[in-house]
Amino acid sequence: MSYGYPPNFAPGEFVCKCDKSCRPPAAQMRFTAWVLQRIRDEVACGLRVTSGFRCKSHNSSVGGSQGSDHLKGLAADIVPLAGVDVGYAWQTIRRLRAEQKIPDVRIGRYDTFIHVGLGVRGARDWDYRKNK
């Protein structure tokens, strides 16, 4: 299946945040954007991508794991907009996964954002909030 960028995301949102303008693998990031669009449509608010693709150097500088899906262009850290609660968005993503409306994503919940990973390691959830 071929995935183009969905209407609410643009390729520039997924470029590495390092100063070298590292580009993600195109097909993987289009797939990631397609999954995020499904999430966005269900949560019914905008999603800001705070971290998409990461080169090895940038991933290391932000404390990312050596096997991070960000390195492959198969992950994004997202923030729901328009006052939508991170917890609500996280639960919605879990429901979409359970209903098989999105692939078996890995979902990490943090205080201010959600990690969505689409690598081959299978579904898994984690909660790294400091104030649970």
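**Figure 1. Cys16 and Cys18 in the predicted model.** The sulfur of Cys16 has its closest cysteine sulfur in Cys18, at 3.6 Å. A disulfide requires two cysteine sulfur atoms within 2.5 Å, so this pair is too far apart for a bond. Cys18 is likewise in no disulfide, and the nearest cysteine sulfur to it, that of Cys22, is 3.5 Å away. Over the whole structure, the search for disulfides returns zero. Cys16 is buried, at 5% relative accessibility. Cys18 also counts as buried, because its relative accessible area of 18% falls under the 20% limit.

Figure 2. Thr92 belongs to helix α3. Its relative accessibility is 4%, so Thr92 counts as buried. With neighbours within four places in sequence set aside, the contacts of Thr92 are with Glu42 and Val43.

Figure 3. Apart from residues up to four places away in sequence, Leu81 touches Cys45, Gly46, Leu47 and Arg48. Ser57 is 24 residues from Leu81 along the chain, and the C-alpha atoms of Leu81 and Ser57 are 29 Å apart.

**Figure 4. Fold of the protein chain.** The chain contains three helices and five strands. Their order along the sequence is α-β-α-β-α-β-β-β. The radius of gyration is 14 Å, close to the 14 Å given by the globule rule for 132 residues, so the chain is as compact as a globular protein of that length. The C-alpha trace spans about 35 × 35 × 30 Å along its principal axes. Among contacts with a separation of 6 or more, 61% are between residues 24 or more positions apart.

Figure 5. Buried residues make up 47% of the 132 in the chain. The accessible surface is about 7,000 Å², and carbon and sulfur atoms contribute 49% of that area.

Methods
Residues numbered from 1 in each chain as written. Predicted model: local features only at pLDDT ≥ 70, side-chain atom pairs only at ≥ 80, totals over all residues. Heavy atoms only, no water. Helix = DSSP H or I, 4+ residues; strand = E, 2+ residues; numbered from the N terminus. Rg over C-alpha atoms; globule rule 2.2 N^0.38 Å. Buried < 20%, exposed > 50% of the residue type's maximum accessible area, 1.4 Å probe, protein only. Contact = heavy atoms within 4.5 Å. Areas by Shrake-Rupley, 256 points an atom, 1.4 Å probe, with all protein chains shown as cover.
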